[in-house]
Amino acid sequence: MQNLFECKVKYEKIDEQSGKEKKVSETYLIDAVSFTEAESRIYKEMESMIRGEFVVTNIRKANYTEIFENEDGDIWYKSKISFASVDEKSGKEKKVSNQILVLASNVKDAFDKIHEGMGGLTVDFDINAISESPILDFFPYFKGDEVNDEIPSNLKPLSEVQPQENSFEAESDDN
């Protein structure tokens with residue numbers, strides 16, 4: 001399960017129309033283990049994207065159950081879906097709602113991507129709402145290129161370590 005955090009970043013950027021500097025606040029989604037890691041990762045990501053000073057003003061846990069990325073999309077849409085679930089204890093049917101984040105080019109495209117992504121479900125679901133999200137980008141936990149196979153200089157591989165005799169085992173063999 002993903003731990004998702006919405007991070008708000010405030011900085012000054014040049015307005016493309018007027019050419020003047022203006023303060024902006026932007027929201028990004030980070031997949032991280034903890035609030036501390038989310039803060040560290042958002043600073044790292046923003047340093048490569050923003051020239052000048054910026055500040056992370058807010059980090060909060062996000063409650064998305066699914067994220068559907070689409071290379072053709074350019075806007076993140078938040079969608080609320082619901083489906084019927086049976087309570088095992090009481091046997092009663094109840095409605096369960098989930099939030100889904102979809103990268104799409106428009107609302108209709110988001111609607112289609114949700115149906116495409118949820119197509120494998122054996123239960124019927126309803127899409128209750130689709131709205132544009134303030135999220136500008138999503139930074140997943142692993143990008144694939146971050147795996148580091150190098151062994152730090154202060155450590156040795158297990159294959160190079162000589163087995164050492166345990167003094168306790170040596171004493172018990174004598175008895």
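Biologist: Which pattern of helices and strands does the protein follow when read along the sequence?

Modeller: The model is a predicted one, and in it the protein has 3 helices and 8 strands. Taken in order along the sequence, these elements give the pattern β-β-α-β-β-β-β-α-β-β-α.

Biologist: What share of the contacts with a separation of 6 or more comes from residues 24 or more positions apart?

Modeller: Contact here means that heavy atoms lie within 4.5 Å. Among the contacts in the protein with a separation of 6 or more, residues 24 or more positions apart account for 64%.

Biologist: How many residues apart in sequence are the parts that Arg60 and Glu6 tie together?

Modeller: The structure holds 4 salt bridges, and one of them joins Arg60 to Glu6, with the closest N and O atoms 3.0 Å apart. At 41% relative accessibility Arg60 counts as partly exposed, whereas Glu6, at 10%, counts as buried. Because Arg60 lies in strand 3 and Glu6 in strand 1, the parts tied together by this pair are separated in sequence by 54 residues.

Biologist: Is Glu26, which meets Lys13 in a salt bridge, buried or exposed?

Modeller: The side chains of Lys13 and Glu26 meet in a salt bridge at 3.8 Å, N to O. This pair links distant parts of the chain, since Lys13 belongs to strand 1 and Glu26 to strand 2, 13 residues apart. Lys13 has a relative accessibility of 32% and so counts as partly exposed. With a relative accessible area of 10%, Glu26 is buried.

Biologist: In which helix do Lys113 and Glu116 lie?

Modeller: Lys113 forms a salt bridge with Glu116, and the closest N and O atoms are 4.0 Å apart. Lys113 is partly exposed at a relative accessible area of 22%, while Glu116 is exposed at 60%. The two residues are 3 apart, about one turn of the helix, and both lie in helix 2.

Biologist: Leaving aside neighbours within four places in sequence, which residues are in contact with Thr27?

Modeller: Thr27 lies in strand 2, and its relative accessible area of 5% is under 20%, so Thr27 counts as buried. With neighbours within four places in sequence left aside, the residues in contact with Thr27 are Glu6, Cys7, Lys8, Pro134, Ile135, Leu136 and Asp137.

Biologist: Which strand gives the most to the lining of the largest pocket?

Modeller: The largest pocket has a volume of about 160 Å³, and strand 1 and strand 2 each supply at least two residues of its lining. With 5 residues, the strand that gives the most to this lining is strand 1.

Biologist: How many charged residues does the lining of the largest pocket have?

Modeller: The largest pocket is lined by Lys10, Tyr11, Glu12, Lys13, Ile14, Glu21, Lys23, Arg51 and Glu53. Sorted by class, this lining includes 2 nonpolar residues and no polar ones, and the number of charged residues is 7.

Conventions
Residues numbered from 1 in each chain as written. Predicted model: local features only at pLDDT ≥ 70, side-chain atom pairs only at ≥ 80, totals over all residues. Heavy atoms only, no water. 1 Å grid on protein atoms, 1.4 Å probe; cavity = no way out; pocket = protein on both sides within 12 Å on 5 of 7 lines; lining within 4 Å. Points joined across faces, edges and corners; volume = space filled by probe spheres on them. Helix = DSSP H or I, 4+ residues; strand = E, 2+ residues; numbered from the N terminus. Nonpolar A, V, L, I, M, F, W, Y, C, P; charged D, E, K, R; others polar. Buried < 20%, exposed > 50% of the residue type's maximum accessible area, 1.4 Å probe, protein only.
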